[in-house]
Amino acid sequence: MSSSYKGILWNRQKKIYDALLWSLIALYLILFVILNHRFDSKITPETLFIRASGTLALLMLHVILSIGPLARIDKRFLILLYNRRHLGVSMFLIASTHGIFNIAQFHSLGNVNPLVSLFSSNTHYNSFINFPFQTLGFFALLILLLMAATSHDFWLSTLSPRIWKSLHMMVYVAYALVIMHVALGVLQLERDPTLLFVLLFGLAWVSGLHLYAGWLEGRRDQARTASLDGYVEVSAIDDIENDRAKIVFANGERIAVFKYDGKISAVSNVCKHQNGPLGEGKIVDGCITCPWHGFQYKPEDGCAPPPFREKVSTFKLKIADGRVYVNPKPNAEGQYEEPVKISQ
Ligand code: HEM
Ligand code: FES
């Protein structure tokens, strides 16, 4: 939560997550090798390695891209968001083994520099079907490297959340490059179209999930229309759980209204760390705690507790006839707003 460098702290939950992740990776690789050997006993170990690592990286990329929309659709998937960066870095490590092995296997035995060979062994750059598909994998890997290298919070605060987020949105460019890399690779090298169908299914899954999550969020936003003297209705006071929030969309932004210790306070829903949804978090030790990575803010002024310096906007609230209303005009970030007491 500060801009100084801190080493990665592996707490118990992260250790369990990593142990589980690498066990699943090992299980996939073992099953892939056994099954492929069974169906094609002439397959060479090199081809097996290239295929196992390539398909595993592709599968992990799909999982990574599915977590965000799944967590928006159903809060139970939020647990997967925590440590998504470990999954990303692990995926990069697998993808780079695949890429480096391919370059060593196909481009390092001649007298041309392997990287030059990667770009010059197939020069059908003006053909669609025969396009040098390996170069697409190379550029995807370059983006994944950039993302893995800047995944630590140090880079988030050094680059600023806006630039960091834009950089990490490039995962979609990497995804498009990988899809084309695999599709063209299959069309050029394989007779069996199974992988192509699996790829199309994956693409439809990821796009469908994103579209559905966006549609659902738009519908939730539109559902709130009632207002009182310019204040927008949030919900009945009893509908907000203790130490939890209701999120309302007003004036183009999401506001989180928290109920705690017999009072209510409202802050911007957007966490300063990585735009996590504060309203999906809870009050821990008197502070709003972001569900993604645990950044904290005091509900009455939106300031992170010392020594941290992050601040979010607060909002004015009122209660009428057992219902909560919020003024959609934000106060300045970190401005104290007297919590509204709930009369019994
Ligand atoms: C320097 C970067 C890369 C190079 C040189 C490269 C090269 C190759 C080559 C030569 C093949 C065909 C192998 C064969 O079927 O004989 C291949 C297939 C494949 N690659 Fe890559 N690749 C790179 C990056 C990536 C990345 C970043 C991903 C995914 C995240 C990826 C996923 C795949 C997949 C899924 C296949 C199909 C495997 C199969 O045939 O079953 N590749 N790649
Ligand atoms: S987004 Fe990381 S803690 Fe909020």
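Reader: Is Thr-314 buried or exposed?
Author: Thr-314 is buried, with a relative accessible area of 0%. Keep in mind that this is a predicted model.

Reader: Where does Thr-314 lie?
Author: In strand E9, which covers residues 314-315.

Reader: And what lies 2.8 Å from a polar atom of its side chain?
Author: The backbone oxygen of Gln-335.

Reader: New topic. How many salt bridges does the count come to?
Author: Eight. One of them joins Glu-217 and Arg-72. Their closest N and O atoms are 2.6 Å apart.

Reader: Which parts does that pair tie together?
Author: Glu-217 lies in helix H10 (residues 194-222) and Arg-72 lies in helix H2, so the bridge ties together parts 145 residues apart in sequence.

Reader: Is Glu-217 buried or exposed?
Author: Buried, at 19% relative accessible area. The cut-off for buried is under 20%, so Glu-217 falls within it. Arg-72 counts as partly exposed, at 27%.

Reader: What about Glu-280, what does it form with Arg-72?
Author: A salt bridge, with the closest N and O atoms 3.8 Å apart. This pair links distant parts of the chain, 208 residues apart. Glu-280 sits in the loop between strand E5 (263-268) and strand E6 (282-284), and Arg-72 is in helix H2. Glu-280 is buried, with a relative accessible area of 14%.

Reader: Which residues are linked in a network of salt bridges?
Author: Arg-72, Glu-217, Arg-254 and Glu-280.

Reader: Okay, what about Glu-333 and Lys-272, what do their side chains meet in?
Author: A salt bridge, 2.7 Å from N to O. Glu-333 is in the loop between strand E11 (323-326) and strand E12 (340-341), and Lys-272 is in the loop between E5 and E6, so parts 61 residues apart in sequence are tied together.

Reader: How does Glu-333 count at 43% relative accessibility?
Author: As partly exposed. Lys-272 is partly exposed too, with a relative accessible area of 31%.

Reader: Now the surface. Which residues gather in a patch of positive charge?
Author: Lys-75, Arg-219, Arg-220, Arg-244 and Lys-282.

Reader: Where is the place of Lys-75?
Author: In the loop between helix H2 (45-73) and helix H3 (78-81).

Reader: Why does Lys-75 count as exposed?
Author: Its relative accessible area is 52%. Exposed means over 50%, so Lys-75 passes that cut-off.

Technical notes. Residues are numbered from 1 along each chain as its sequence is written. Chains are lettered from A and ligands numbered from 1 in the order in which they are written. This is a predicted model: local features need pLDDT of at least 70, side-chain atom pairs count only at pLDDT 80 or more; totals for chains, interfaces and linings use all residues. Side-chain values use heavy atoms; hydrogens and water are left out. Patches are made of residues with over 30% relative accessible area and no salt bridge: like charges are joined within 9 Å, nonpolar side chains (Val, Leu, Ile, Met, Phe, Trp, Tyr) within 5 Å. Accessible areas come from the Shrake-Rupley method with a 1.4 Å probe; for residues, only the protein chains shown count as cover. A salt bridge is a side-chain nitrogen of Lys or Arg within 4 Å of a carboxyl oxygen of Asp or Glu. Lys and Arg count as positive and Asp and Glu as negative; His and the chain ends are not counted. The place of a charge is taken as NZ of Lys, CZ of Arg, CG of Asp or CD of Glu. Helices (H or I, at least four residues) and strands (E, at least two) are DSSP runs, numbered from the N terminus. Buried means under 20% relative accessible area, exposed over 50%, partly exposed in between (1.4 Å probe, protein chains only). A polar contact is a pair of N or O atoms within 3.5 Å; within protein, one must be able to donate a hydrogen and the other to accept it, and residues adjacent in sequence count only if both atoms are side-chain atoms.
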